[in-house]
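Here is a short report on charged and aromatic side chains. Look over the sequence and the structure before reading on.

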Amino acid sequence: LVLTPTVSLDSNTFQAQWGQLAEASSWTLPIAGSPEPQAVVAHMGAQSVKCMAFGTVGQAHKFYFYGRESGGAVFLAELVLDLAQGQARATVKSAAAGMRARLAELLQAKVKAAL
């Protein structure tokens, strides 16, 4: 899959779609150390995965990402870096039922590279 670098989505549309879309995939990865949120956002952005919002609460960094693959399938994702448990957890959603698993795998690979 190839992601489109010019995708754009406003926060109201993101929130509305997040509430309506079925979950595509959830996964957990081990993480080591304490990734800096800005570095994660920069890495993902360079991979055409855009950040809608991010923040830190306690020992958890939470991100909301989105992107579009070249065929037009849009995905939304929530990524939580739980530093206390040493885990990255993600939920990925997409309206493109046939692409959900592939989009989730693609995002997982990009998150692994960012960490």
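D82 has a relative accessibility of 11%, so D82 counts as buried, since the cut-off for buried is under 20%. Keep in mind that this is a predicted model.

**Salt bridges**

D82 has a charged partner. The side chains of D82 and R89 meet in a salt bridge, at 3.3 Å from N to O. R89 is partly exposed, at 31% relative accessible area.

How many salt bridges does the structure hold? The count is two. E78 and K62 also form a salt bridge through their side chains, with 3.8 Å from N to O. E78 belongs to strand 4 (residues 74-82) and K62 to strand 3 (residues 60-68), so this pair ties together parts that are 16 residues apart in sequence. E78 is buried, at 18% relative accessibility. K62 is partly exposed, at 37%.

| Salt bridge | N to O distance |
|---|---|
| D82 and R89 | 3.3 Å |
| E78 and K62 | 3.8 Å |

**Aromatic pairs**

Next come the rings. The structure holds six aromatic pairs. One of them joins W18 and Y64. Their ring centres are 6.0 Å apart and their planes stand at 90°, so the pair is edge-to-face. The pair links distant parts of the chain: W18 sits in helix 1 (residues 11-20) and Y64 in strand 3, 46 residues apart. W18 is buried, with a relative accessible area of 19%. Y64 is partly exposed, at 23%.

F63 and F65 make a stacked aromatic pair. Their centres lie 5.5 Å apart, with 10° between the planes. F63 is buried at 0% relative accessibility. F65 is buried too, with a relative accessible area of 0%.

W18 and Y64 also belong to one aromatic cluster, together with F14 and Y66.

**A lysine over a ring**

Which residue lies over the face of W18? It is K93, at 4.4 Å from the ring centre. K93 is placed in strand 5 (residues 87-94). Is K93 buried or exposed? K93 is buried, with a relative accessible area of 11%.

A polar atom of the K93 side chain lies 2.8 Å from the backbone oxygen of W18. Leaving out residues up to four places away in sequence, K93 touches W18, L21, A22, E23, A24, V74, F75 and L76.

Key. Residues numbered from 1 in each chain as written. Predicted model: local features only at pLDDT ≥ 70, side-chain atom pairs only at ≥ 80, totals over all residues. Heavy atoms only, no water. Helix = DSSP H or I, 4+ residues; strand = E, 2+ residues; numbered from the N terminus. Buried < 20%, exposed > 50% of the residue type's maximum accessible area, 1.4 Å probe, protein only. Polar contact = N/O pair within 3.5 Å; in protein donor to acceptor, adjacent residues only side chain to side chain. Contact = heavy atoms within 4.5 Å. Salt bridge = Lys/Arg side-chain N within 4 Å of Asp/Glu carboxyl O. Phe/Tyr/Trp six-rings, centres within 6.5 Å; stacked < 30°, edge-to-face > 60°. Lys NZ or Arg CZ within 6 Å of the ring centre and 35° of its normal.
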